[in-house]
Amino acid sequence: MTRTRIRTALTPPPSPLPTSTDLLLLLLFFLSLSPRESLSLIDFHFGNCSLPVTCGGLNITSPFYVRDRQPSYCGFPGFDLSCPNDRPVITLSGDDYVVRDVFYENQSLRISNAALPDDNSAAFSSCAPGSLKSVTLPSTLFQLSLNVPDTLSLLYNCNITPRADELLNYRISFSGEEGEGGVVLGIYGDGKDQEVIDAAKECQTLVEAPVAAKWIGRAEIEEALRSGFVLNWTASDCSA
């Protein structure tokens, strides 16, 4: 009896799963990409904002951004800076302040009024009434740091003649000749302190400036104002 062999069609075996070697090579490939390269492949915004912008010797990065040098999406609304003459400037409630330092690790920065000269090359008398204003902050974004211990009250257009013996000690400069600009007084304390209240009776304008330290004397007061004060900011951390 002749046996007939019946050949059945066999389906090809499925493709083998990647071997451990293949998986290892694939993993090494992705690890060879730097985080910046891999993220920039996902979102072009990261590539546009990943490098800090230098202004005034400071590295400006999120949540801040420099107008005209970075897209607005590189920072948060209200955290935009300008960089005139390589001087980082932030505008808060309509007033310009020079950014002296930025401390990203604890979300704080040190600023001073942009109306003040950077050194002693210009007399303090150049800061006429109106150029310096009391600090007003957008409370949802920036708050005075707890490290700001005091307020310096500047009183302009003062007539100290009736109380010269008392008020002469507070005189820091003349904003003009007597009868034109009057005397400028500087007293540590705010408008609620009795010392400031009494002196203000002889003056026309009161400006309150937060300061980070105390000095005594005209030159030291100028330096205190130029040194500025520290603010804390509130913004989401996008470093990840």
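Which cysteine does a disulfide join to Cys49? The legends below start there. The model shown is predicted.

**View 1. Cys74 is the disulfide partner of Cys49.** The S to S distance is 2.0 Å. The torsion about this S-S bond is about -80 degrees, so the disulfide is left-handed. Cys49 sits in helix α3 (residues 44-49), and Cys74 sits in the loop between β3 (65-66) and β4 (80-82), so the bond ties together parts that are 25 residues apart in sequence. Both Cys49 and Cys74 are buried.

**View 2. A disulfide joins Cys55 to Cys83.** Here the sulfur atoms are 1.9 Å apart. The link of Cys55 and Cys83 is right-handed, with 105 degrees about the S-S bond. Distant parts of the chain are linked: Cys55 belongs to strand β1 (residues 53-55), while Cys83 lies in the loop between β4 and β5 (89-92). The two cysteines are 28 residues apart. Why does Cys55 count as buried? Its relative accessibility is 1%, and buried means under 20%.

**View 3. A disulfide joins Cys158 to Cys203.** The S to S distance is 1.9 Å. The torsion about the bond is about 110 degrees, so this disulfide is right-handed. Cys158 is in strand β9 (residues 150-158). Cys203 is in the loop between α5 (194-200) and β12 (205-211). This pair links distant parts of the chain, 45 residues apart. Cys158 is buried, and Cys203 is buried too.

**View 4. The whole structure has 3 disulfides.** How are the bonded cysteines paired when numbered in sequence order? The pairing is 1-3, 2-4, 5-6.

**View 5. The largest cavity holds about 120 Å³ of space.** The structure has 2 cavities of 30 Å³ or more. Lining the largest one are 16 residues. Asn113, Leu116, Ala209, Leu225 and Phe229 lie nearest its centre. Two or more lining residues come from each of β7 (108-113), β12 and α6 (218-227). Which element gives the largest share of this lining? Strand β12 does, with 4 residues. By class, the lining has 12 nonpolar, 3 polar and 1 charged residues.

**View 6. The second largest cavity holds about 30 Å³ of space.** Its lining consists of Cys49, Leu51, Ile60, Thr61, Ser62, Phe64, Gln70 and Cys74.

Note on methods: Residues are numbered from 1 along each chain as its sequence is written. This is a predicted model: local features need pLDDT of at least 70, side-chain atom pairs count only at pLDDT 80 or more; totals for chains, interfaces and linings use all residues. Side-chain values use heavy atoms; hydrogens and water are left out. A disulfide is a pair of cysteine sulfur atoms within 2.5 Å. Buried means under 20% relative accessible area, exposed over 50%, partly exposed in between (1.4 Å probe, protein chains only). On a 1 Å grid over the protein atoms alone, a cavity is a set of points where a 1.4 Å probe fits but cannot get out, and a pocket is an open set with protein on both sides within 12 Å along at least five of seven lines; lining residues have an atom within 4 Å of a point. Grid points are joined across faces, edges and corners, and a volume is the space filled by probe spheres set on the points. Ala, Val, Leu, Ile, Met, Phe, Trp, Tyr, Cys and Pro count as nonpolar, Asp, Glu, Lys and Arg as charged, and the others, Gly among them, as polar.
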